[in-house]
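Trainee: I would like to learn how to read helix packing and sheet layout in a model. Could we work through one together?

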Amino acid sequence: MHVLIIGGTGFIGNRLAQRLATEGHHVTVLGTEPLDDKPNLHQIIGDRSSLAILETLKVMVVDAVIDLIAYHPSQVEEMIAVFDGRISKYILLSTIAVYAPPFSFPLKESGHTYAGDGPDSYGALKARCESILNEAFSKSAFPSVILRSAPIMGPGDPVSRELYFLKRIQTGEPMIYPWAERSHVLNIFIGDLVTAFSLALKSGKATGNTYHLSFGDSPTMTEYLQAIAGFAGKQSVPIAALPLTDLMALGFSVYAFPYFPGAEGKLDLSNASADLGFRPTPFKEALQATFADLPAERTALTKLPSWPGRNATQTRLCGTHEFLHEALERQTLEALPKAQPSNIDQLLGKLINEHHGFHLSTIQNWTTGDEVYEEMVLNGAAPQVAEVLLVADEIAEKIKEFRSFDIRYLEKASALLTGVIEKRPNHHWLFDCYVVNPPAYTGDYTADNRPLSLQLVDFCEPEPNFGSADRFLIFCAAETSYHHLCKWLLNQISDFPKINLRLLGSCYLMTNQVDNKTGHVVHLPYVFDLARALTKAGHAACNKLTIGNANDILFTQNKTEQPQISCDHFITDLLKITIDGEYYLFDITQKKLLAISKILAYLVDYFTPTEINAAMIGAIFGFPEHKAAEIAGFYDEYFKNELKSYYKEAVTNDNQYITSQKLN
């Protein structure tokens with residue numbers, strides 16, 4: 001067969017020409033650069049749209065035409081005018097960039113394209129070329145075949161995205177890539193593309209049809225980069241997988257990323273498989289072939305070309321573009337919140353307080369998953385840093401009763417494993433807690449950590465058994481259990497002369513009980529938060545403790561000495577604490593404890609800030625006028641400088657306190 005290849009001197013055409021010539025075809029190449037002399041190869045040098053070349057093509061006798069570079073609709077129209085009725089196949093190399101959003105995956109050839117609409121972009125112009133060919137096939141049976149190729153990779157690629165990635169990974173610096181954990185890499189190995197052209201020439205079913213060409217096992221970007229990291233001698237790739245919309249708002253260009261982000265699935269290759277017999281190379285084998293000729297000395301990777309770049313001028317321009325892109329990357333990464341090393345109390349605190357976007361997974365899901373595993377996202381939102389806590393199945397099942405969550409899938413490479421809670425052998429409700437610090441999974445998360453013990457406690461009985469564990473996780477669902485818990489708490493903080501705050505500070509509570517008065521889920525966990533704060537302040541054991549909101553004591557005894565508890569006061573932000581003669585204010589939202597003076601404690605107990613003045617202080621405490629004025633001035637300054645963050649509004653210039661929620 002005599003085959004004309006238009007654009008046969010570049011990365012694709014050179015390999016295709018040699019492949020077809022080796023198969024016995026007589027090949028003529030039309031291009032602008034000379035080729036090496038090869039058997040069965042003939043070359044025409046010139047511009048495809050020049051009148052001289054078009055006249056030459058009109059008298060040339062060929063069996064098939066492969067057009068690798070038709071970009072503008074007028075170029076396709078010229079080929080139809082020249083070859084209509086004279087050839088058995090016209091194969092156009094098109095692109096998956098012809099598709100217009102929204103995308104539905106797996107993407108089929110019947111998907112909506114930019115044909116007839118859209119800007120004069122590369123994809124839109126290619127779509128119009130396809131439309132012209134389809135119309136010609138319908139009208140005159142022009143024998144067109146359209147191969148919609150994904151981006152091409154392989155050895156010798158002058159704009160290799162893979163070599164760019166390899167160079168970046170070699171530096172060890174973090175990399176930003178949009179939606180890396182769910183965005184698939186849609187590309188094709190150069191050898192597979194060349195094979196597809198050969199198959200299309202031979203196929204009797206191809207004429208008039210369009211086919212996808214890509215990897216069959218298109219990986220996610222995280223998986224792709226992780227595979228490339230192996231060739232750079234790296235165990236992992238630090239990736240910040242941020243939403244594309246957020247990145248564009250920061251000034252990133254979607255075209256600055258080597259592979260277009262956002263493909264949440266693969267291409268449907270069933271038509272190419274059925275009609276052409278197309279069988280793509282697995283992506284890891286394609287990477288192996290791409291990197292086969294790299295120098296063994298990895299430091300030489302720094303000399304690899306920048307992405308992208310074709311000739312000297314373009315390389316300089318794209319190198320500048322690359323420099324600006326990477327500078328913006330560094331700036332963005334520096335501004336991101338960093339995941340701080342955690343301890344068990346921080347992890348349990350996030351767990352019981354529905355930390356925004358905190359990830360949970362069972363140990364089984366993590367250890368049995370190869371690269372992708374199922375996890376739960378509390379509150380249904382994913383944070384920028386995917387902090388993951390692995391929990392035993394028994395705890396996971398309990399959490400499902402109390403917390404709302406979404407089931408999602410997360411790649412290990414983009415996960416930050418922060419801790420593990422696993423069941424202790426031969427113990428029903430006892431678990432071992434490990435902090436992964438520094439957070440990295442090596443397969444043995446117990447190697448460098450002494451575990452803390454965690455006991456699950458259920459208040460089905462009035463007096464549950466608290467063992468000798470380091471921490472206690474309390475689940476309180478039924479109303480009866482809730483009342484048992486309230487009574488137990490009251491007994492604990494009324495146990496004079498010695499109150500065990502260390503025990504209370506070791507407890508973490510999950511409850512879904514709703515207070516009948518307010519309709520809110522009760523805020524009893526803040527009792528345990530307060531105990532932790534007081535313990536840290538040096539009050540692990542105490543002789544007397546009162547917890548109040550203004551002059552209303554939270555825990556009280558009624559006339560018949562039956563324990564009662566008021567939950568609605570916990571919904572306000574600020575509590576006053578008196579413990580062994582010392583006074584504190586406790587912000588239950590921020591979990592912050594602030595030491596205050598006795599005088600200030602009395603004032604907070606009985607008056608709102610706007611009511612306090614020198615005359616009032618003198619009348620209450622019998623102070624002389626100058627002393628009362630001094631205390632009032634101190635209070636006013638102290639309040640404005642130290643306490644205004646605890647209130648809902650601000651202090652105005654005339655010292656009037658405006659608030660929608662005063663302390664009564």
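Mentor: Gladly, and keep in mind that this is a predicted model. Two packed helices are described by the angle between their axes and the distance between the axes. Here, the axes of H3 and H4 come within 8 Å and cross at roughly 25°.

Trainee: Which residues of H3 and H4 meet?

Mentor: From H3, Pro-73, Val-76, Glu-77 and Ile-80 take part. On the H4 side they meet Leu-125, Arg-128, Cys-129, Ile-132, Leu-133 and Ala-136.

Trainee: Which residues of H3 are buried?

Mentor: H3 spans residues 73-83, and its buried residues are Pro-73, Gln-75, Val-76, Met-79, Ile-80, Val-82 and Phe-83. Their cover includes helices H2 (51-59) and H4 (122-140), along with strands S1 (2-6), S4 (64-67) and S5 (89-95). Just after H3, look at Gly-85, which has a positive phi of about 80°.

Trainee: Now the sheet. In what order do the strands lie?

Mentor: Read across the open sheet and you pass seven strands, S3-S2-S1-S4-S5-S6-S10, with parallel pairing. Strands S3 (41-45) and S10 (210-213) are at the edges with a single partner strand each, so one side of each has no neighbour in the sheet. On average, neighbouring strands are turned by 20° against each other, direction ignored.

Trainee: Could you show me one pair in detail?

Mentor: Take S1 and S4, which pair in the parallel sense over four bridges. Ile-5 has Ile-66 in S4 as its bridge partner.

Trainee: Where do H2 and H4 lie on the sheet?

Mentor: H2 lies across S1, S2 (26-31) and S3, and runs at about 145° to S3. H4 packs on the sheet too, touching S5 and S6 (144-149), and its direction makes about 155° with that of S5.

Trainee: Which residues touch the most other members of the largest nonpolar core?

Mentor: That core has 82 residues, and those touching the most other members are Ile-5, Ile-66, Phe-165, Phe-197, Tyr-224 and Leu-287. Leaving aside residues up to four places away in sequence, Leu-287 touches Met-153, Glu-162, Tyr-224, Ala-227, Ile-228 and Phe-231. There is also a second, separate core of 36 residues, with Leu-489, Ala-531, Cys-542 and Ile-577 among them.

Conventions:
Residues are numbered from 1 along each chain as its sequence is written. This is a predicted model: local features need pLDDT of at least 70, side-chain atom pairs count only at pLDDT 80 or more; totals for chains, interfaces and linings use all residues. Side-chain values use heavy atoms; hydrogens and water are left out. Buried means under 20% relative accessible area, exposed over 50%, partly exposed in between (1.4 Å probe, protein chains only). Helices (H or I, at least four residues) and strands (E, at least two) are DSSP runs, numbered from the N terminus. Contact means heavy atoms within 4.5 Å. Two strands pair if DSSP finds at least two bridges between them. Axes are lines fitted to C-alpha atoms, for helices over the stretch in contact, and angles run from 0 to 180 degrees between N-to-C directions. A nonpolar core is a set of buried Ala, Val, Leu, Ile, Met, Phe, Trp, Tyr and Cys residues joined through side-chain atoms within 4.5 Å.
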